[in-house]
Amino acid sequence: MRAQSSATAPSGIAVGGSTASTGGRSSGTLLAALGVLAFSLTFPATAWGLEGFGPWSLIAVRSILAAVIAGGCLLVLRVAVPERRHWAGLAVVGAGVVLGFPLLTTLALQTSTTAHAAVVVGLLPLTTALFSALRVGTRPSRTFWLAALAGAAAVIAFTVQQSGGALTSADAYLFAALLVCAAGYTEGGRLARVMPGWHVIGWALVLCLPLTVPMAAVALSFEPVHLTAHSVTGLLWVAAGSQFLGLVVWYRGMAAIGIPKASQLQLAQPLLTLVWSVLLLGEHLTVAAPLTAAAVLVCIAVTQRARG
């Protein structure tokens, strides 16, 4: 409807549309940033959840709880079932964002600190931008790529410094998580252009129920559960905050400002997670953390100004 109105509007109204577009980009940046803030709490919340749940149980139960919330919203608001042509994309979102990334990172966090996992996953913005260029056909500018590569280099240097130059077995899970999550983000951002962002993650969660329900039944029968305040709080956050609400605002933000630029906001996510790891888990930061933070913030500023 907006496109039709723009086509028939007089030139004076077109200027107003430009202002609205600028406002849309600002709100899109804010929404994407809120998504990053929600995601930055995921690893600490997962660490809390692992205090009372096994890794497979935690992933299955969080996905089911998020699907119940999303499905309830879809049902109450009488949202129509997506067209058949969108189901393949929703399956990619489900495989990457609902199942793949949470499972792989949870397995990694069994032997890795949240700080280490956070900086490795800091490569996600560059990975997402690459997937976007291949899948959606976006062509960011040279300045954009230079800033993105600089941010990724800062994250890699921080990771190597933190790990003493040796990668852990958990890194295999984390690098695999980067690939599946970037694919899910890219496909979700593409779908969010033709349907509301919360519809994208909502239907992806519902689509995964035939897998997550039996997965939960099997996992809970083998993995012991010890309910504590930490484990319940962690489970509730990764289900409602990270798995649903965070992705709702994240996909809306990506649709407004574009996948590559939104993905670069995630360069701040590892550093936010480091702060939460200190406040919530009692982990210790090194001197390299603020230096990396400064470099990452500069890269974010450059990528947000660079034209795609």
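This is a predicted model: local features need pLDDT of at least 70, side-chain atom pairs count only at pLDDT 80 or more; totals for chains, interfaces and linings use all residues.
How many helices and how many strands does the chain have? It has 15 helices and 0 strands, where helices (H or I, at least four residues) and strands (E, at least two) are DSSP runs, numbered from the N terminus. Residues are numbered from 1 along each chain as its sequence is written, and side-chain values use heavy atoms, with hydrogens and water left out.

Let me begin with the chain as a whole. Of its 308 residues, 51% are buried, and by buried I mean under 20% relative accessible area, with exposed being over 50% and partly exposed in between (1.4 Å probe, protein chains only). If we take the contacts between residues at least 6 apart in sequence, 92% of them join residues at least 24 apart, a contact being heavy atoms within 4.5 Å.

Now to one pair of helices. Two packed helices are described by the angle between their axes and the distance between the axes. Helix 9, residues 170-191, packs with helix 12, residues 229-257, at an angle of about 65 degrees, and their axes are 8 Å apart; the axes are lines fitted to C-alpha atoms, for helices over the stretch in contact, and angles run from 0 to 180 degrees between N-to-C directions. That angle makes helix 9 roughly perpendicular to helix 12, since angles under 35 degrees count as roughly parallel, over 145 as roughly antiparallel, 65 to 115 as roughly perpendicular and the rest as oblique.

Which residues in helix 9 and helix 12 meet? From helix 9 there are Gly184, Tyr185, Gly188 and Gly189, and from helix 12 there are Leu247, Trp250, Tyr251 and Met254.

Two of those residues, Tyr185 and Trp250, belong to a cluster that ring pairs link together, with Phe39 as its other member. Rings of Phe, Tyr and Trp (its six-membered ring) pair if their centres lie within 6.5 Å, and planes under 30 degrees apart count as stacked, over 60 as edge-to-face and the rest as tilted. Phe39 and Tyr185 are stacked, because their ring centres are 6.2 Å apart and their planes are at 20 degrees. This pair links distant parts of the chain, with Phe39 in helix 2 (residues 11-40) and Tyr185 in helix 9, 146 residues apart. Phe39 counts as buried at 6% relative accessibility, and Trp250 is buried with a relative accessible area of 0%.

Helix 10, residues 197-207, is mostly covered, as 9 of its 11 residues are buried, among them Trp198, His199 and Trp203. Its buried residues pack against helix 4 (55-76), helix 5 (87-108), helix 9, helix 11 and helix 12.

Last, is Pro224 buried or exposed? Pro224, in the loop between helix 11 (209-222) and helix 12, is exposed, with a relative accessible area of 57%.
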